[in-house]
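This briefing covers one predicted model.

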Amino acid sequence: MNNISTNIHQAKSILEADNLVAIPTETVYGLAGNAYSETAIKKIFATKNRPLFNPLIVHIHSKELLDDIAEKVPQKAYQLAEAFWPGSLTLVVKKKSNIPYLVTAGKNTVAIRVPNHPLTLSLLQLLDFPLVAPSANPFGSISPTAAEHVANYFPKTVPLILDGGICESGIESTIIGFEEDEPIVYRLGAIAIEAIEAVVGKVKVMNTKEAAPEAPGMLLKHYAPKTKTILVDDIENFLQENTLPKIGTISFYKKTMHSNVLHQEVLSERKDFKEAAANLYQAMHRLDKMNLNLIVAERFPDENLGKSINDRLNRATK
């Protein structure tokens, strides 16, 4: 059985031995290893069954460390780091030679962020190296937002899970790369596009790429329950036209009274996008345990974090 603990000194010893630790962040739990150790990095890919062409995110404890692992950083990247770090923003910038190509899937760019979780920041400050940490789940599965999710996924293969409680943001970081020093969104995430544009002006969005993705989370099918899941514009209309029993639903703020709905997840009765995002993966995990015939999710308004939630729901239904 996994060792679930808050002991960052034990975590430090495990990481220094090139082994893995699951770490909490404000977005989702990550499966972490020494970013300079190809032994540790290979263990991450093997444990997750993650394809080697999908790059990893490097986690550091402060924005001042950015220049230790990146070079030729665009001015707008510094502006975004100043505005959002620690926090749910990942920057993709030109890497220095100390970052192995195994981390970057052979690319000359590296994804970097400063997570906003006190336990993991304390751990990073203890270490002499940054951490690489994709989500702590088997590749393509629902991301974990609680220590128990990680334990359920990896009952024997992860030596330590640092328990930082339920993840506050609940979906992955927003990823921003640069083309000719201008920002481009590679993954919609826990920071809304509107907040990004308030700092650097209008940005392009290119958040789907199957071959040689520039950043994590760009593959079409991802974040998916085992239960068949579909995305509809209106749950009520769908339920009137379909009589399949044992349906579970995910909606923004409205409940339904249809008898064939076995369980429903309402993500925010207050119509709060942040609350809905924080509850999304928890809802997916609960529904996926219920032996349902179908999960029906209702599309969110295409604004604010609704865009990021729709992105996750779209990828869960491919």
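Helix α10 supplies four residues to the lining of the largest pocket, the largest share of that lining.

**Largest pocket**
- The largest pocket holds about 320 Å³ of space.
- Its lining is made up of 17 residues, and those closest to the pocket centre are S88, E168, S169, A190 and K274.
- By class, the lining of the largest pocket has nine nonpolar, four polar and four charged residues.

**Second largest pocket**
- The space in the second largest pocket comes to about 250 Å³.
- Residues that line the second largest pocket include P138, S141, I142, A224, P225 and K226; H149, N152, Y153, H285, D288 and K289 are also in the lining.
- Helices α7 (147-153) and α10 each contribute at least two residues to this second lining.
- The biggest contribution to the lining of the second largest pocket is that of α7, with three residues.

- An open sheet is formed by four strands in the order β12-β15-β13-β14, with parallel pairing.
- Strands β12 (229-232) and β14 (261-266) are at the edges of the sheet and have a single partner strand each, so one side of each has no neighbour in the sheet.
- From one strand to the next, the twist averages 20°.
- Four bridges join β12 to strand β15 (residues 294-298) in the parallel sense.
- L231 has A297 in β15 as its bridge partner.
- Helix α10 (residues 273-288) lies across β13 (247-251), β14 and β15, and α10 runs at about 175° to β13.

**Helix α11**
- Helix α11 (residues 306-316) is mostly covered, with nine of its 11 residues buried.
- The buried residues of α11 are G306, S308, I309, N310, D311, R312, L313, R315 and A316.
- These buried residues pack against the strands β10 (182-187), β12 and β15, and against helix α10.

**Points where the topics meet**
- Helix α10 contributes to the lining of the largest pocket and to that of the second largest pocket.
- Helix α10 also lies across strands of the sheet and is packed against by buried residues of α11.
- Strand β15 pairs with β12, and both strands are packed against by buried residues of α11.

Key. Residues are numbered from 1 along each chain as its sequence is written. This is a predicted model: local features need pLDDT of at least 70, side-chain atom pairs count only at pLDDT 80 or more; totals for chains, interfaces and linings use all residues. Side-chain values use heavy atoms; hydrogens and water are left out. Two strands pair if DSSP finds at least two bridges between them. Axes are lines fitted to C-alpha atoms, for helices over the stretch in contact, and angles run from 0 to 180 degrees between N-to-C directions. Contact means heavy atoms within 4.5 Å. On a 1 Å grid over the protein atoms alone, a cavity is a set of points where a 1.4 Å probe fits but cannot get out, and a pocket is an open set with protein on both sides within 12 Å along at least five of seven lines; lining residues have an atom within 4 Å of a point. Grid points are joined across faces, edges and corners, and a volume is the space filled by probe spheres set on the points. Ala, Val, Leu, Ile, Met, Phe, Trp, Tyr, Cys and Pro count as nonpolar, Asp, Glu, Lys and Arg as charged, and the others, Gly among them, as polar. Buried means under 20% relative accessible area, exposed over 50%, partly exposed in between (1.4 Å probe, protein chains only).
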